[in-house]
Amino acid sequence: MASSSPVLKENIRKAYDSIALKYSEWTKPTYSTRIEYLSKLLEHLPPSPLEKSVLELGCGSGQPCTAILASDPSLKVTANDISPAQLELAAHHLPSTNVALIQGDMMGLSFEDHSFDAVVAMYSIIHLPREEQVTLLTRIYKWLKPGGLLLGNFSAGPEDKGSFDKHWLDGTDGAMFWSGWGEERTCEILSSIGLQLILREVVVDTEEEKGEGKEVPFLWVLGKKGHN
């Protein structure tokens, strides 16, 4: 997979660029779920007189979660997405004062250890090859401060070594890609990295495509890094 990875990522970027506006509309049915879990993350963030740092991986258009995070002046938000078209949408309605937008493959990100109080990754890590998911989660653990939190969702269906769709949401360029370890293995990976799972729930999304609804299960987790 490593040799094809640059091509794979370029195709994901092209796919998201070609559906940026449509995707922003298509995700609206999941807003309530996203907001619910973001609220749970914020409830668990320890109060601090200092500014807190949050990294969001795969922020898309910034709606609704980046905007909610940015509305709190005590939060410093770093938001990443592979798609320039998505980030252009985000830049239009996010404040520049406490939000930094970074375009590129999340596997190319580099931060100092203990940089963030929280990392948020909704519907984003699922676009990485499975081996890269493990690598990134290990990096996230290092990026988190002691006591820091990871909120993310993953494929809860059968293990998927990799699926492609060249015309997802009527996309006209590139190819979308997903993969997943399944619910049990994902939780094992998170625990083995060192994250304590505060929350572990499966939510079934009804995805609308070509006029039909398809039920897709996602594993939502809130993990905490220990203080040791």
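Helices here are DSSP runs of H or I with at least four residues, and strands are E runs of at least two, numbered from the N terminus. The model on screen is predicted.

**Whole chain**

Start with everything selected and color by secondary structure. The chain holds seven helices and nine strands.

Now show contacts between residues at least 6 apart in sequence. Of these, 69% join residues at least 24 apart.

**Surface and charge**

Color by burial next: 50% of the 228 residues count as buried.

Then pick out the charges. There are 21 positive and 31 negative ones, and their mean positions lie 4 Å apart.

**Residues 54-148**

Select 54-148. An unreviewed UniProt entry places the feature "domain: Methyltransferase" here. The span is 32% helix and 28% strand. Its end C-alpha atoms are 10 Å apart.

**G108**

Zoom in on the loop between strand 3 (99-103) and strand 4 (116-121); G108 is in it. Is G108 buried or exposed? Its relative accessibility is 64%, so G108 counts as exposed, the cut-off for exposed being over 50%.

G108 and L136 are 28 residues apart along the chain. Draw the distance between their C-alpha atoms: 9.8 Å.

Technical notes:
Residues numbered from 1 in each chain as written. Predicted model: local features only at pLDDT ≥ 70, side-chain atom pairs only at ≥ 80, totals over all residues. Heavy atoms only, no water. Buried < 20%, exposed > 50% of the residue type's maximum accessible area, 1.4 Å probe, protein only. Contact = heavy atoms within 4.5 Å. Lys, Arg positive; Asp, Glu negative; His and termini not counted. Charge placed at Lys NZ, Arg CZ, Asp CG, Glu CD. UniProt positions renumbered as here; feature names shortened; annotations may be inferred.
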